[in-house]
Amino acid sequence: LPEGNVNPLSQMVIVAFGAIFTLLFGILVIITRLYRKTTADEAFVRTGMRGRCCIIDGGAIVIPVVHEVIPVSLKTFKLQVDRTGPDALITADFLRADVKAVFYVRVQKEERAIEQAATSLGAISGDAHFVQNLIQEKLVSALRTVAATQTLFDLNAKRAEFAEAVQKIVAEELKPNGLTLESVTISSLDQAPLESMRPEENVFDA
């Protein structure tokens, strides 16, 4: 071809390759900059454009301003509850029991539970202290409810049954928070010492 002339077909091929390269480069930028993936011990809920989307063992495009991401921890939390001294549990025979219990809870790895956890726990679902503060009263209430149906002797002699009864109550109470209860352990149980009683303030202590 004379100098300065370009074959139209060659020109079209060059333009096509340029367009493909630009497209691939754009996709790569989107993936590296906007794509967010989960880790083994975390899921997340993406809200915003196109509604709510729960991501488990995968990833999604997250566009700033358009989307909001709420991370949800899937780790197991060890929560300790101490009901001793003036806070000791009242048993069926109107005695007080010093009880220390350990609860193992986590967010269940399924879409509905993760969405509930994102709603009730928010972005700090991975903070064990926050989770305990949120559900502390539910744990204490379950311990108190079961203790009130058994004597101090039975609580001590049948700790496994005590823990099982508490677990049944707590498991139902935690569902609205997207949490599941793995197990309950009664780590310590004894009669509360007399010096911790308040007979002038509490008829049960009297």
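## Before we start

In this predicted model, local features need pLDDT of at least 70 and side-chain atom pairs count only at pLDDT 80 or more, while totals for chains, interfaces and linings use all residues. Residues are numbered from 1 along each chain as its sequence is written, and side-chain values use heavy atoms, with hydrogens and water left out.

Let's begin with helix α5, residues 159–174. Helices (H or I, at least four residues) and strands (E, at least two) are DSSP runs, numbered from the N terminus. The expected span of a helix is 1.5 Å times one less than its number of residues. For the 16 residues of α5 that gives 22 Å, which agrees with the 22 Å between its end C-alpha atoms.

Which residues of α5 are buried (under 20% relative accessible area, with exposed over 50% and partly exposed in between, using a 1.4 Å probe and protein chains only)? They are Phe162, Ala163, Val166, Val170 and Leu174. These residues cover an arc (taken from the directions from the helix axis to the C-beta atoms) of only 90 degrees, so they sit on the same side of α5. On the other side, Ala160 and Lys168 are exposed.

Ala163 has a relative accessible area of 9%. Leaving aside neighbours within four places in sequence, Ala163 is in contact (heavy atoms within 4.5 Å) with Val184 and Ile186.

## The nonpolar cores

A nonpolar core is a set of buried Ala, Val, Leu, Ile, Met, Phe, Trp, Tyr and Cys residues joined through side-chain atoms within 4.5 Å. The largest one has 40 residues, and those with the most contacts inside it are Phe103, Leu143, Phe162, Val166 and Ile186. Helix α3 gives the most to this core, with eight residues. A second, separate core has five residues, among them Phe44 and Ile55.

## A buried loop residue

Thr91 lies in the loop between β7 and β8. Is Thr91 buried or exposed? Thr91 is buried, with a relative accessible area of 3%.

What covers the buried residues of α5 includes β7, β8, α3, α4 and β9.
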